[in-house]
Amino acid sequence: MSAINREPLTAPHRTRNDAVLALGVAVLAVAIALMGGEGIPPDHLGWTLLLAGHVPLVWRRRRPVAALLGVVACVAPYYALDYNPTLPIPATVLALYTVAATGTVRRTLITGVAVLGPTVISDGLANPRGAPESLEISGWIIAVLFIGIDVRYYRWFVASIVERAERAERTREEEARRRVAEERLRIARDLHDLLAHSITLIGVQTSVAAHVLNLDPDRLDRKAVAQALDDIAGTCRTARGELRTTLEVLRAQDTVMGVGAGAGSVSGSVSGAEDMRGPLPGIDGLAGLAETGRVAGAKVELSVRADGIPPSVGAAAYRIVQEALTNAVRHGGREDLTVRVGLWAADGALRVSVRDDGTGGNAGPGGEVGPPDGRPGFGLVGMRERARSVGGTLDAGPGPAGGFEVTATLPLSREDEVR
């Protein structure tokens, strides 16, 4: 079956294999000759023509038509001299089969007509009463040609099945790799949002504590210092818990990927990561974000007029507001900073708006908000990726009345649309 399924024109070592096959067919002809048969036994000329007719078979797959013509050129005078007619049959059948199995249907039909025409005419002239015998010979030639055509179509069918299976396997592997890459990018965004938000709050809270300590050391406000330190400890605990959850997802992903190999292990890593992902943050957590902003010293005004938001859209909105608040507190540049956060559903989409009245931050290449030293960050890049992940858009830049403004439009599915 492997030999039948293999494409004959591209098979390895085809000339060497055909040489061995031609030798085997020649040995078969000699064995049939030794057993006797009809017609005149071959003499020196007959053996020369017979064995010479097997030589073109060495190149039967490289030059199928030329090999058939070579066989016919030797077999025709052999039959004309009325030698044993059975001996050249294996070589002739093999040459006809090769032409049919390696060429087009048109070439096979032309070859069949070219072979059958002279054969029938010569038999009719030499033996007018041998019509049944001529019909039998013609039937065998047609059968051999049809077998070659059938084998060729079978090879095409097998090749198409193999090609589809390989393409499907490549598609599965590419899809699994894409999902793993998306999961890692999601984890990277979560780590950025978590660390940027938490470290910014810790920095602001530390500055508050230092300010209280340096304001009037002789009249130390112990309650204010204790409150600032408690806020720092609470922020650290929250950040540590979220960081542990994120790292557990990443560790589970790497562990599953190390167990197996190929698309199966990659797909397993994604499913394992999804199992440990836990609940996604949503708009229900915006009140907590607003409170952390207030603890950091900003006045946060929160307005939410939406309900029944899909989890993926809610998670994107939460992360966008979190990053926007972090940037506002970090780069606002004012002690009495006011940040207005608004979410509402309209026209089949969740609208998100975060505006502050601060002095704004520096914008790096691509619009990334960065620190005062001008080094670019990943804040706006991450927020835009969050919006695109649910098919939405995000704009960020200076507000019409000063400060900085972030607006996002996150589409809702029709059944989840909030009215």
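Helix 12 (residues 379–389) lies across strand 6 and strand 7 (404–411), and runs at about 150° to strand 6, where axes are lines fitted to C-alpha atoms, for helices over the stretch in contact, and angles run from 0 to 180 degrees between N-to-C directions; contact means heavy atoms within 4.5 Å. This is a predicted model, in which local features need pLDDT of at least 70 and side-chain atom pairs count only at pLDDT 80 or more, while totals for chains, interfaces and linings use all residues. Residues are numbered from 1 along each chain as its sequence is written, and side-chain values use heavy atoms, with hydrogens and water left out.

**The chain as a whole**

- The protein chain holds twelve helices and seven strands, which are DSSP runs numbered from the N terminus (helices H or I, at least four residues; strands E, at least two).
- Of its 419 residues, 38% count as buried, a term for under 20% relative accessible area, with exposed meaning over 50% and partly exposed in between (1.4 Å probe, protein chains only).
- Among contacts in the protein chain between residues at least 6 apart in sequence, 70% join residues at least 24 apart.

- Five strands form an open sheet in the order 1-2-3-7-6, with mixed pairing, and two strands are said to pair if DSSP finds at least two bridges between them.
- The edges of this sheet are strand 1 (299–305) and strand 6 (393–398), each of which pairs on one side only.
- Neighbouring strands of the sheet are turned by 10° against each other on average, direction ignored.
- Strand 2 (residues 338–346) pairs with strand 3 (residues 349–356) in the antiparallel sense over eight bridges, and leucine 343 has valine 352 in strand 3 as its bridge partner.

**Alanine 328 in helix 11**

- Alanine 328 has its place in helix 11 (residues 311–331), and counts as buried because its relative accessibility is 2%.
- Leaving aside neighbours within four places in sequence, alanine 328 is in contact with Leu337, Val339 and Asp356.
- Alanine 328 and arginine 355 are 27 residues apart in sequence, and their C-alpha atoms are 8.4 Å apart in space.

**Valine 93 in helix 5**

- Valine 93 is found in helix 5 (residues 89–102) and is partly exposed, with a relative accessible area of 34%.
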